[in-house]
Amino acid sequence: MKSLDSHIETVLWTPDQITSRVSDLATEISADLSHLTDPPVLVGVATGAFLFLADLARHIRLPVAVDFIRAESYGSGTESNGCPKVSSDLKLDVNGRHVVLVEDIVDTGSTVSRLIEYLESKGASSVSVATFLDKPSRRKVQFELLGNGKFYRGFECPDHFVVGYGMDFAELYRNLPYVGVLKPEHYKCQSP
Ligand code: 5GP
Ligand code: MG
């Protein structure tokens, strides 16, 4: 097999840039959470948020619980089907708890919107969203945060389909330590 790096056309954010931004975000989130009396729950949206959640959580020096949820909206292509479903439930009970939903990327907004509704239905007292990337130019669904929740984002992403740092194309590239855009031929071909 050839190196994954050879599939990348452009690197948008390097590992150093990511580390520095995630640490700043964690500092901001920690300051906002520090007044809480009960530990909040960081809910990672699997699978894409796994590296971001791991890095963010390591920089938050407050007691937090961690859980994962899964919402399916993408197949192996690059366009959302617009109606994500919760396909893997939380293990923890979030009733009466403050939740920080941790996402890899907010694109049309339909996944985050659906998950906020879901967490509200489970009794969360507030829902903040921490997304590593945000593509505001692609937004179709405007979502409201719950309670006194806040929106945190690592970087604003241009309108490209990106991979790496947890994000995939056809379940590959998640393990790249940077974020980049694939060479066009790899968006067509499904095996490396
Ligand atoms: P939304 O529901 O906001 O349209 O999309 C959210 C999900 O679509 C993200 O959590 C992510 O899994 C996937 N997604 C959106 N844009 C991209 C992208 O540029 N690259 C990758 N790999 N996934 C994306
Ligand atoms: Mg995602």
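The chain folds into 4 helices and 9 strands, where helices (H or I, at least four residues) and strands (E, at least two) are DSSP runs numbered from the N terminus. In sequence order these elements give the pattern β-α-β-α-β-β-β-α-β-β-β-β-α. The radius of gyration is 16 Å, close to the 16 Å that the globule rule gives for 192 residues, so the chain is as compact as a globular protein of that length. Here the radius of gyration is taken over C-alpha atoms, and the globule rule is 2.2 Å times the number of residues to the power 0.38.

This is a predicted model, in which local features need pLDDT of at least 70 and side-chain atom pairs count only at pLDDT 80 or more, while totals for chains, interfaces and linings use all residues. Residues are numbered from 1 along each chain as its sequence is written, chains are lettered from A and ligands numbered from 1 in the order in which they are written, and side-chain values use heavy atoms, with hydrogens and water left out.

Some overall values come next. The C-alpha trace spans about 50 × 35 × 30 Å along its principal axes. Of the 192 residues, 46% count as buried; buried means under 20% relative accessible area, exposed means over 50%, and partly exposed lies in between, with a 1.4 Å probe and protein chains only. The accessible surface of the chain is about 9,400 Å², and 50% of that belongs to carbon and sulfur atoms. These areas come from the Shrake-Rupley method with a 1.4 Å probe, and for residues only the protein chains shown count as cover.

A contact means heavy atoms within 4.5 Å. Among the contacts in the chain with a separation of 6 or more, 66% are between residues 24 or more positions apart. The chain also carries 19 positive and 25 negative charges, whose mean positions are 3 Å apart. In this count Lys and Arg are positive and Asp and Glu negative, with His and the chain ends not counted; the place of a charge is NZ of Lys, CZ of Arg, CG of Asp or CD of Glu.

The aromatic side chains can be followed next. Rings of Phe, Tyr and Trp (its six-membered ring) pair if their centres lie within 6.5 Å, and planes under 30 degrees apart count as stacked, over 60 as edge-to-face and the rest as tilted. By this rule there are 8 aromatic pairs. In one of them, the ring centres of F132 and F155 are 5.8 Å apart and the planes stand at 90 degrees, so the pair is edge-to-face. This pair links distant parts of the chain, with F132 in strand β6 (residues 126-134) and F155 in strand β7 (residues 151-156), 23 residues apart. F132 is buried, with a relative accessible area of 1%, and F155 is buried as well, at 16%. Another pair is F161 and F169, whose ring centres lie 6.2 Å apart with planes at 80 degrees, so this pair is also edge-to-face. F169 is buried, with a relative accessible area of 4%. W13, F52, F132, F155 and Y165 form one aromatic cluster.

Y165, a member of that cluster, is found in the loop between β8 (162-163) and β9 (179-182). Y165 is buried, at 4% relative accessible area, and has a positive phi of about 50 degrees although it is not a glycine. E171 is placed in the loop between β8 and β9 and has a positive phi near 70 degrees, but E171 is exposed, with a relative accessible area of 54%. Most residues other than glycine have a negative phi, and most peptide bonds are trans. The peptide bond from A46 to T47 is cis, with omega near 0 degrees. T47 belongs to the loop between β2 (41-46) and α2 (50-59).

D134 is found in strand β6 and is buried, with a relative accessible area of 2%. Not counting residues up to four places away in sequence, D134 touches V106, R139, F151, R153, F155, E156 and C157. D134 and E103 are 31 residues apart in sequence, with their C-alpha atoms 9.5 Å apart. E72 lies in strand β3 (residues 65-72) and is partly exposed, at 40% relative accessible area. With residues up to four places away in sequence left out, E72 touches C83, P84, K85 and S87. The C-alpha atoms of E72 and C83 are separated by 8.5 Å, and the two residues are 11 residues apart along the chain.
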